[in-house]
Amino acid sequence: MSDQELTWRGAVARGDRWLFDVVARRHWPGADRVLPRLGRAANHGLLWGGAAAGIAVLGSAGARKAAVRGVASLALASATINTVGKWSVRRTRPVLDGVPVGRQLSTQPRTTSFPSGHSASAFAFTAGVALESPLWGAALAPVAVSVAFSRVYTGVHYPSDVLAGAALGVAAGFVVRRLTRDAVEARIAPGDERPAEGVPALPDGAGLTVVVNTGSGTAATAGLEVLRERLPKAELIECEGPRLTAELASAAERATVLGVCGGDGTVNAAATAALRAGIPLAVFPGGTLNHFALDLGLAGAEDTCRAVASGHAVLIGVGRFTPGPGPDPEDTRAGYFLNNFSIGAYPELLGHRLRWAPRIGGGPAALLAAYRVLRAERPVRLRLAGKPRSVWLLFAGNGTYQGTGPAPRYRKSLGEGLLDVRLVHGGGRPGPRLLAAALAGPLTRSPVHVATRLRSLRVGDIPAGTPLAYDGEYARAPAALVLDELPDALTVYRPR
């Protein structure tokens with residue numbers, strides 16, 4: 001080590017000790033009661049876990065996404081601190097001379113001093129949240145600063161330990177954002193769906209009617225200004241609630257192309273109207289998650305506008321569920337799903353949440369619904385393909401989903417023409433069974449989880465009152481139904 005580097009490190013150490021002593025000597029009114037307790041509350045990330053739960057309960061869907069990103073950032077920062085940071089520098093803790101006894105922790109940390117893990121966790125969680133929701137990030141920032149300062153105030157860290165930990169935490173927040181963005185961008189990749197022939201090109205939007213669900217998660221900011229600019233002659237109809245289905249059916253009768261802006265449930269209703277009218281569908285993503293649009297390869301309104309203007313579209317398969325012993329193309333009771341269909345734990349959870357949300361709010365309703373479902377005592381008894389089965393969950397995906405588990409993540413193609421059927425067998429309690437299924441390795445070897453691909457599946461002996469869910473919508477199941485796949489049934493615009 002050179003003399004210059006030794007001199008520099010010595011100056012940093014002297015400055016660190018000087019600032020540490022300044023904080024130790026100064027009286028901070030009220031801090032003795034607050035800061036030590038705040039530091040203890042942040043032990044093992046408990047404070048930030050509680051903050052994440054609070055945001056999830058009180059906040060919007062976007063706030064819940066911010067809370068998840070904050071937790072992921074905290075986890076990355078903690079892993080980095082504990083595996084690399086603490087053991088690479090090995091700096092000893094400050095000597096407590098001059099720190100008032102009332103401030104000192106009853107149990108002193110035994111790990112090395114540099115960098116501060118509490119500061120890294122505080123700033124990682126706050127940065128992760130702020131990068132998704134600036135308002136929640138601004139609310140958390142004073143708490144994060146107070147936690148970091150408490151580590152110097154109680155004498156367990158030098159100021160440079162805290163600054164380094166804070167910088168590492170912020171960096172973790174940016175890394176998680178980048179990884180998340182890359183994952184989404186990797187998912188927005190067109191599949192191998194068959195190109196549709198003879199699809200009308202509408203360069204100015206004439207003949208396109210777009211129904212906008214103003215109650216969807218991000219419809220207000222879904223790029224409708226881009227739509228108005230790129231396709232100025234398109235007709236826009238804004239509505240929500242009970243009017244939506246009627247407006248979609250009416251628009252499908254008179255339009256050359258039916259457009260829709262909303263989430264997966266809204267897109268499902270539009271696809272049903274387009275199927276029955278025999279016209280193409282243009283999807284402008286405007287929901288919270290937009291599973292269908294992402295799996296199709298649509299990043300936003302700009303992509304859809306470009307496809308409509310140029311007349312580029314693909315043919316996709318559609319899942320169908322028909323009451324009764326066999327599928328009847330003329331049965332108006334048939335329902336369709338673009339993403340997935342399920343019976344069991346998820347529809348039960350969705351039903352409870354929809355029932356309680358108007359009274360106690362969406363976040364508390366979701367938590368209460370999950371508690372209620374995981375305490376269920378009986379699985380659903382069905383007859384599947386003629387054989388009696390007891391299941392906690394029956395999942396049928398429109399196309400093959402990637403990943404293991406009872407409700408996997410995304411699809412590489414919507415033109416495969418097969419149902420991805422997954423079962424979580426009954427027996428035991430639903431919580432352990434669903435968790436074991438989610439963590440299952442090779443699906444054919446799992447004792448609790450089975451996956452297969454089918455063109456159709458008969459489901460009979462469904463108990464009265466059993467709920468079902470399709471594309472996030474909720475309904476009561478008939479006594480028997482048939483699930484089947486309609487290959488190349490729907491024409492949907494997508495850029496080449």
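Thr304 is buried, because its relative accessibility is 0% (buried means under 20% relative accessible area, exposed over 50% and partly exposed in between, with a 1.4 Å probe and protein chains only). Thr304 sits in helix α12, residues 301-310. Helices (H or I, at least four residues) and strands (E, at least two) are DSSP runs, numbered from the N terminus. Apart from residues up to four places away in sequence, Thr304 touches Ala282, Val283, Phe284, Pro285 and Leu298. Contact here means heavy atoms within 4.5 Å.

The model is predicted: local features need pLDDT of at least 70, side-chain atom pairs count only at pLDDT 80 or more, and totals for chains, interfaces and linings use all residues. Residues are numbered from 1 along each chain as its sequence is written, and side-chain values use heavy atoms, with hydrogens and water left out.

The largest nonpolar core has 29 residues. Such a core is a set of buried Ala, Val, Leu, Ile, Met, Phe, Trp, Tyr and Cys residues joined through side-chain atoms within 4.5 Å. Those with the most contacts inside the core are Leu258, Leu281, Phe292, Ile316 and Leu490. Two or more residues each come from α9 (243-254), β4 (257-262), α10 (264-277), β5 (281-285), α11 (291-296), β6 (313-323) and β18 (481-493). Helix α10 gives the largest share, five residues. Neighbours within four places in sequence aside, Leu490 contacts Ala271, Ala274, Leu275, Ile279, Leu281, Val314, Leu315, Ile316, Val318 and Leu338.

Ala31, Leu35, Pro36, Leu38 and Gly39 are buried. Viewed down the axis of α2, these buried residues fall within an arc of 160°, so they line one face of the helix. The arc is that of the directions from the helix axis to the C-beta atoms. Arg33 and Arg37, on the other side of α2, are exposed. The buried residues of α2 pack against α3 (46-58), α5 and α6.

The axes of α2 and α6 are 8 Å apart, at an angle of about 100°. Axes are lines fitted to C-alpha atoms, for helices over the stretch in contact, and angles run from 0 to 180 degrees between N-to-C directions. The two helices, α2 and α6, are therefore roughly perpendicular to each other. Angles under 35 degrees count as roughly parallel, over 145 as roughly antiparallel, 65 to 115 as roughly perpendicular and the rest as oblique. From α2, Ala31, Asp32, Leu35, Pro36, Leu38 and Gly39 meet Val143, Ser146, Val147, Phe149, Ser150 and Tyr153 of α6. By class, this contact of α2 with α6 has eight nonpolar, three polar and one charged residues. Ala, Val, Leu, Ile, Met, Phe, Trp, Tyr, Cys and Pro count as nonpolar, Asp, Glu, Lys and Arg as charged, and the others, Gly among them, as polar.

Helix α6 (residues 134-153) also packs against α5 (residues 117-130), at about 175° and with axes 8 Å apart. That angle makes α5 roughly antiparallel to α6. Among the α5 residues that meet α6 are Phe123, Phe125 and Val129. The α6 residues in this contact include Trp136, Leu140 and Arg151. The contact of α5 with α6 has 13 nonpolar, four polar and one charged residues.

Two loop residues have positive phi values. Asp461 has phi near 55° and lies in the loop between β15 (456-460) and β16 (467-470). Asp461 counts as exposed, at 52% relative accessibility. Asp471 has phi near 50° and is found in the loop between β16 and β17 (473-476). Asp471 counts as buried, at 6%.
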